[in-house]
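Please look over the sequence and the model shown below before reading on. The paragraphs that follow lead from the surface of the protein to its fold, its salt bridge and one of its pockets.

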Amino acid sequence: MEWDSSTHLLAAAVDHLAVANWMTATINSGEDADPLDYPEAVPRPAFAEAAPRDDAEEALRSERASETPPSAAQLARFFG
């Protein structure tokens, strides 16, 4: 099933709202709290049916996945 532009925009809005909620929760959690998991994007049909990734793209994706999200103190300093 293909998505129209409205559905893609709605998915993008949901993704951005999830990240904003994650940032708010991270900023307001205690310094000793376990870091919250970064939200996953809404799956898009284009990505589900895409051709297999090449090695360079897969390496970049795994490098980004291994990055740790910023701490609550770092976010507070950034937004302060």
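Patches are built from residues that have over 30% relative accessible area and no salt bridge, with like charges joined within 9 Å and nonpolar side chains (Val, Leu, Ile, Met, Phe, Trp, Tyr) within 5 Å. A salt bridge, in turn, is a side-chain nitrogen of Lys or Arg within 4 Å of a carboxyl oxygen of Asp or Glu. In this structure, Ile27, Phe78 and Phe79 make a nonpolar surface patch of about 330 Å².

The model is a predicted one, in which local features need pLDDT of at least 70 and side-chain atom pairs count only at pLDDT 80 or more, while totals for chains, interfaces and linings use all residues. Residues are numbered from 1 along each chain as its sequence is written, and side-chain values use heavy atoms, with hydrogens and water left out.

The protein chain has four helices and zero strands, and from the N terminus on its elements run α-α-α-α. Helices (H or I, at least four residues) and strands (E, at least two) are DSSP runs, numbered from the N terminus. Of the 80 residues of the chain, 10% count as buried; buried means under 20% relative accessible area, exposed over 50%, and partly exposed in between (1.4 Å probe, protein chains only). Phe78, a member of the patch, belongs to helix 4 and counts as exposed because its relative accessibility is 65%.

Val42 is placed in the loop between helix 1 and helix 2 (45-48) and, at 27% relative accessibility, counts as partly exposed.

Arg44 forms a salt bridge with Asp15, and the closest N and O atoms are 2.6 Å apart. Arg44 lies in the loop between helix 1 and helix 2 and Asp15 in helix 1, so the pair ties together parts that are 29 residues apart in sequence. Both Arg44 and Asp15 are buried, Asp15 with a relative accessible area of 15%. Asp15 and Pro39 are 24 residues apart in sequence, and their C-alpha atoms are 7.9 Å apart in space.

The last feature is a pocket. On a 1 Å grid over the protein atoms alone, a pocket is an open set of points with protein on both sides within 12 Å along at least five of seven lines, and lining residues have an atom within 4 Å of a point. The second largest pocket has a volume of about 190 Å³. Among the 14 residues that line this pocket, Ala33, Pro35, Pro70, Ser71 and Ala72 are the closest to its centre. Helix 1 (5-28) and helix 4 (72-79) each supply at least two residues of the lining.

Terms used. 1 Å grid on protein atoms, 1.4 Å probe; cavity = no way out; pocket = protein on both sides within 12 Å on 5 of 7 lines; lining within 4 Å. Points joined across faces, edges and corners; volume = space filled by probe spheres on them. Areas by Shrake-Rupley, 256 points an atom, 1.4 Å probe, with all protein chains shown as cover.
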